[in-house]
Amino acid sequence: MPRRRLSQRQIERIRAIQDRRRRRLEERTTDVMEQLDDAEPRAGRVVVRHGSNLAVEDDQGQVHHCLLRRNIGQPVCGDRVVWQPTGTAAGVVTALQPRDTVLSRPDYGGRDKPLAANISLIIVVVAPRPAPSGYLVDQYLVAAELIGVQALILANKMDLIDPPERGAFLQAFAHYPAIGYPLLPVSVKQDPQLEALRPHLAERTSILLGQSGVGKSSIVQALMPDRDIQIGRLSKATGLGRHTTSASTCYRLANGGHLIDSPGVRSFRLGAISRSQLEQGFREFAPFLGHCRFADCSHRHEPGCALRAACEQGIIAPQRMESFHHLAGLAAG
Ligand SMILES: Nc1nc2c(ncn2[C@@H]2O[C@H](COP(=O)(O)OP(=O)(O)OP(=O)(O)O)[C@@H](O)[C@H]2O)c(=O)[nH]1
Ligand SMILES: [Zn+2]
């Protein structure tokens, strides 16, 4: 759905409302500060946030309702924080730890707004139906490279196609494992345990990306049959009610990994990036960048293009080169 453009006045009004709301919450937070005893600071991870209310998971997997101390930044789902229990009231988040990675999206004013932090694996989901777009897959992979996150490709709904068709379908993705993106054919319908995927999720914080209808919700459901129970537990811990489901939420998986899920995170797209960022987003280009005869080589028709030479020698897949040009065209225009 196209995002509605807001006028400058509307943006200012929204910001004024947000500022007022923030001030009110800060006053409440100050009250809680006074109740802070000498409790030991503890480490935790933000599971969900609503304004200054946070659900923070400790190392044992217990979730605590916390408020946010003033001027420590804006934690998002997945952030590592320091928090202190208060004994009676909600705990207080007193510090935000540096982020390993952050996934952002521009807000209606065009400012980058973090959606989730410390993600370590992006799972790009594709399926025979709806038919995949190679450009979209590469766009997600560029995003993964720029954020500094590992990625893999999960080819779902394999039950929909016969073995010969399956071979042809997977062939279109066969160049990815060679550049370090595992390709896992699955069918969440036939194998709800997703045996092939599970080992990749352990000890990591993952998100699912992919076009509408490829099976992301079905995969989330299969990975977390207890998701509703977890949401219930969260609502109880935070007193925030079940609307937590619409916010980015970090769920604990049975094998120790985490999965961050929310409509916002799932519809994440690559924002505006420069040409050189795009080049860096294609990891197999790295050894050749800077080796073209012309510094401003477009890698299309110039003589002495190192990338095209690598492509001709079969080192760079032609589909990736084509995706690069397509995305470069989008970025330019
Ligand atoms: N045959 C088959 N159907 C599947 C499989 N996985 C999901 N589906 C079906 O595909 C349809 C779309 O699945 P969803 O899980 O809603 O897809 P999604 O990616 O979450 O879609 P959005 O919420 O629109 O982004 C549903 O009817 C699912 O039952 C599979 O492995 N095999
Ligand atoms: Zn070139």
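These are numbered notes on a predicted model of a single chain.

1. **Overall build.** The chain has 11 helices and 13 strands. Its C-alpha atoms fill a box of roughly 70 × 45 × 35 Å along the principal axes. Of the 333 residues, 32% are buried. Take the contacts between residues at least 6 apart in sequence: 65% of them join residues at least 24 apart.

2. **Domains.** The chain is divided into three parts. Domain 1 covers 8–96, domain 2 covers 102–266 and domain 3 covers 275–332. These bounds come from an automatic or database domain assignment.

3. **Where domain 1 meets domain 2.** The centres of domain 1 and domain 2 are separated by 28 Å, taken over C-alpha atoms. On the domain 1 side, 17 residues make contact with 22 residues of domain 2. Strands β1 (42–50), β2 (53–57) and β3 each supply at least two residues of the side of domain 1 that touches domain 2. Which strand gives the most to that side? It is β1, with five residues.

4. **Strand β1 and its partners.** β1 pairs with β2 in the antiparallel sense, over five bridges. In that pairing R45 stands opposite E57 of β2. The two strands form a hairpin with two residues between them. G51 sits in the turn and has a positive phi of about 60°. β1 also pairs with β4, again in the antiparallel sense, over four bridges. There, A43 has V82 of β4 as its bridge partner.

5. **Strand β5 and its partners.** β5 (residues 91–96) runs parallel to β3 (residues 63–68), and three bridges join them. C66 has G91 of β5 as its bridge partner. β5 is also joined to β4 (residues 80–84), by four bridges, and these two strands run antiparallel. Q84 stands opposite V92 of β5. The hairpin of β4 and β5 has six residues between the strands. Within that hairpin, G87 takes a positive phi near 95°.

6. **The nonpolar core.** The largest nonpolar core has 70 residues. V56, A116, I122 and V124 have the most contacts inside it. What does V56 touch, leaving aside neighbours within four places in sequence? Its contacts are G44, R45, V46, V47, V63, H64, C66, V81, W83, G91 and V93.

7. **Helix α11: length.** α11 (residues 318–332) has 15 residues, which at 1.5 Å a residue should span 21 Å. Its end C-alpha atoms are 21 Å apart, so the model agrees with that expectation.

8. **Helix α11: sides.** Which residues of α11 are buried? They are R320, S323, F324 and L327. These residues cover an arc of only 105° around the axis, which puts them on the same side of α11. An α-helix has 3.6 residues a turn, so residues three or four places apart point the same way. On the other side of α11, P318, H325, G329 and A332 are exposed. The buried residues are covered by elements including α2 (134–147), α4 (175–178) and α9 (275–281).

9. **Helix α6.** In α6 (residues 216–223), the buried residues are K216, I219 and L223. Their arc around the axis is only 60°, which puts them on the same side of α6. Their cover includes β8 (121–126), β11 (205–209), β13 (258–261) and α8 (263–266). Note that a lysine, K216, is among the buried residues of this helix.

10. **Q211.** This residue lies in the loop between β11 and α6. Is Q211 buried, exposed or partly exposed? It is partly exposed, because 18 other C-beta atoms lie within 10 Å, and a residue counts as buried only at 20 or more and as exposed at 12 or fewer. Leaving aside neighbours within four places in sequence, Q211 is in contact with P130, S133 and L136. Q211 and D261 are 50 residues apart in sequence, and their C-alpha atoms are 15 Å apart in space.

Note on methods
Residues numbered from 1 in each chain as written. Chains lettered and ligands numbered in written order. Predicted model: local features only at pLDDT ≥ 70, side-chain atom pairs only at ≥ 80, totals over all residues. Core = buried A, V, L, I, M, F, W, Y, C linked by C-beta atoms within 7 Å. Contact = placed C-beta atoms within 7 Å. Pairing = 2+ DSSP bridges. Expected span 1.5 Å × (residues − 1). Arc of directions from axis to C-beta.
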